Each structure stands twice: as C-alpha cells, then as structure tokens.
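Please look over the sequence and the model shown below, and then follow the explanation that comes after them.

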Amino acid sequence: MAAKTATTMNDSIQSIANALTESGSIVVISHISPDGDTLGSASALAMALEKLGKKVRITCEGKVPYMLRMLPLKERFESEPSVDEPYTAVSVDCGDVMRMGKLYPLFIAGKKRINIDHHTTNSGFGDLNCVDPTAPATICLVWELIRALGVQADKNMGLAAYIALSTDTGNFNYSNTTPQAFRLAAELLETGFDLSEVAHSLFRERTAARAKVIGLCAKRMQLFGNDTIAVSGVELSDMQRIGASDADCEGAADFLRDIDTVEASAFLREVEPGVFKVSLRSQKYLDVSKVAQRFAGGGHKHAAGAKVNGTLNEAIAAIKDALLQEASEDN
Ligand SMILES: [Mn+2]
C-alpha cells in the first residue's frame with residue numbers, strides 16, 4: 001500500500017509561520033485527556049501569537065490537570081468556545097482528528113487548518129502540516145515555529161514550553177530524550193523561569209490521596225511468574241474512603257513496574273460498579289498493548305490500558321492470566 005505518510009505531506013515551518021502571520025484570528029486546539037505537551041504547546045504558541053497582535057483562543061475538551069497548575073494561560077483554555085469570526089485553526093499534538101474530541105468541528109470550520117504533531121501515525125489531516133515523528137515533543141516543532149514567527153521568547157513562554165518538553169520526555173528519561181531535547185531545554189532555561197519550582201510541581205509533589213492510593217496499591221500487590229508480574233487494584237469504596245480522584249491513581253502502575261524483579265505490571269481501579277480500568281506497564285520485552293487488546297483496549301508496547309468487568313479479584317485474575325500468557329509468548 002502506497003500510504004501517504006505525514007512526513008511526505010509536510011509543509012515548511014516558514015510556510016506555516018507565513019499563514020499565521022496573515023491570520024488575524026487563530027484558534028489553537030489541544031487533545032482530549034490533555035497532557036503537558038499539548039497544553040504547553042498551545043500556551044506557548046498563543047503567547048507568541050499575541051505578541052504579534054493576533055486574537056488567539058486556546059481550546060481543549062478536557063480540564064488542565066492539577067499537576068500542570070503552573071502552566072501560563074491555564075485559565076484561558078475553553079472547552080465549548082463559540083467563535084463567530086473567520087479564523088485559522090491549529091491543532092497541536094493531536095495524532096489523529098479523533099484526539100480533538102468535541103472540538104473537531106471547530107478545527108474543520110477553520111478557514112485554514114494547520115496540524116502540528118510528532119506522532120508517527122499522524123495522517124497529515126491539515127491544509128498545512130508539520131509532522132515530525134523524530135521530534136521528542138510537539139513543543140519542539142512549535143518552538144521552531146515561534147522562532148520563524150520572529151517572536152522574542154520570554155519567561156512565560158519558556159515555562160510553558162519547558163512544561164511541554166519535560167513532561168513528554170518523562171523529565172528527560174524516556175527514549176525520546178535526544179540531544180535536541182536537551183538543546184531546547186537549555187534554550188528555554190535561558191528565558192529565566194524557576195526550574196526547581198516547576199520541576200517540583202511536575203515530578204515530585206503528590207497529593208495525600210495519591211500517596212494513600214500508592215500505599216493501598218503496595219499493600220494489596222500480588223506477584224506472579226517468579227515475581228516478574230505485579231498486579232494490584234482499588235475498588236470504588238476505597239476511592240471514596242481515601243477521597244481519591246482519577247488523577248490520584250496515576251503512577252500506581254509505574255510504581256509496581258519499577259520493582260526490580262518486575263517486567264510487567266497492572267493497576268486496576270473501579271470506575272463504575274463492577275467495571276475496572278486497567279493501566280498496564282512493562283519494562284523491557286513484554287508488549288502490554290497486546291494484553292490490552294485481549295480486553296478491547298490498546299496503547300503502546302510499554303504502556304497500555306483496557307477495561308475489565310467483574311469483582312476486583314476476578315479482574316485481577318483475568319489480567320494476571322493474560323500477562324502470564326503474553327510473557328510466555330514474548331520472552
Ligand atoms: Mn506529545
């Protein structure tokens with residue numbers, strides 16, 4: 001199949017900068033379940049465009065996560081914007097149009113549509129596309145665009161961009177942490193924001209509820225397959241007792257995976273009575289996306305998710321069996 005890949009459809013950063021320079025009004029769209037890269041890219045781009053006197057709206061179907069509370073312009077994100085005038089639409093970090101959620105019609109209604117992203121699977125759905133899967137984060141492309149726009153970076157733009165870059169690279173730990181990522185980080189740091197303060201809020205601090213979820217996760221942990229598989233979970237009643245939100249459960253699956261003998265982990269949390277959302281993680285060889293697919297879920301090799309019905313014990317047993325089976329096939 002001679003599929004048109006996004007990279008063969010790419011337009012130059014300069015042509016995108018020119019299109020934005022010619023636009024009076026710009027709407028930037030972030031993806032659903034927003035992360036630091038999509039929100040930080042939107043924030044930095046909006047600040048740059050406003051310096052050029054543009055009217056800018058930043059939009060996202062989801063809420064800005066508490067962890068990203070230092071993000072400049074965070075209170076400006078609109079989930080149900082109504083835009084009356086003609087505008088240029090820009091999607092940031094959206095691997096496909098579904099990632100815009102309810103805001104996809106807003107993208108489509110743009111008189112010109114620009115797609116800036118770094119996901120391999122991006123089909124190049126914009127009128128103008130800047131898609132580079134080798135970019136560590138979408139902000140790397142957005143920052144090049146800001147340079148091409150001729151805007152002088154300031155502290156807040158640097159902070160927004162740093163939030164995007166550091167979160168998408170797992171605080172410069174993941175395999176996408178290229179020399180380019182460090183070069184950009186150095187440039188951003190020169191804008192003068194407080195690095196230790198933002199790093200603390202992003203990567204160290206946790207809510208008390210999150211600490212309690214981790215505690216319960218550790219207490220209930222079950223190990224299988226010579227301690228290579230770790231599984232744990234919480235029920236709705238636990239969540240209520242602890243006062244934990246969905247966000248407070250983040251990191252529990254990683255906590256299990258990081259045990260020295262563990263190759264793959266699963267953390268289950270009950271999202272409605274008898275339905276468990278499963279976060280799957282793996283360290284090296286086990287492809288947890290295949291495990292997720294057995295339960296009609298999906299994801300990546302080292303991080304995936306699915307939903308399983310039953311009691312906590314039934315769900316744990318089902319996931320454990322699937323992980324052990326996958327381990328015997330992948331190893
Ligand atoms: Mn990204």
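A crossing of two helices is called left-handed if the near helix is turned anticlockwise from the far one by less than a right angle, and right-handed if it is turned clockwise. The model shown here is a predicted one, and in it the crossing of helices α5 and α6 is left-handed. The contact between them is made by G158, A161, Y162 and L165 on the side of α5 and by A181, L184, A185 and L188 on the side of α6. These contact residues divide into 7 nonpolar and 1 polar, with no charged residue.

Two packed helices are described by the angle between their axes and the distance between the axes. For α5, residues 155-168, and α6, residues 179-189, the axes come within 9 Å and cross at roughly 155°. Angles over 145 degrees count as roughly antiparallel, and α5 and α6 are therefore roughly antiparallel to each other.

Helix α6 also holds E187, which is partly exposed, with 15 other C-beta atoms within 10 Å. The C-alpha atoms of E187 and Y162 are separated by 9.7 Å, although the two residues lie 25 residues apart along the chain.

Helix α1 comes next. In α1, which spans residues 13-22, I13, I16 and L20 are buried. Seen down the axis of α1, its buried residues fall within an arc of 65°, so they line one face of the helix. These buried residues pack against β1, α2, β4, β5, β6 and α4, whereas the face of α1 turned away from its buried side carries the exposed residues Q14 and E22.

Terms used:
Residues are numbered from 1 along each chain as its sequence is written. This is a predicted model: local features need pLDDT of at least 70, side-chain atom pairs count only at pLDDT 80 or more; totals for chains, interfaces and linings use all residues. A residue is buried if 20 or more other C-beta atoms lie within 10 Å of its own, exposed if 12 or fewer, and partly exposed in between; C-beta atoms are placed from the backbone. Helices (H or I, at least four residues) and strands (E, at least two) are DSSP runs, numbered from the N terminus. The arc is that of the directions from the helix axis to the C-beta atoms. Two residues are in contact if their C-beta atoms, placed from the backbone, lie within 7 Å. Axes are lines fitted to C-alpha atoms, for helices over the stretch in contact, and angles run from 0 to 180 degrees between N-to-C directions. Angles under 35 degrees count as roughly parallel, over 145 as roughly antiparallel, 65 to 115 as roughly perpendicular and the rest as oblique. Ala, Val, Leu, Ile, Met, Phe, Trp, Tyr, Cys and Pro count as nonpolar, Asp, Glu, Lys and Arg as charged, and the others, Gly among them, as polar.
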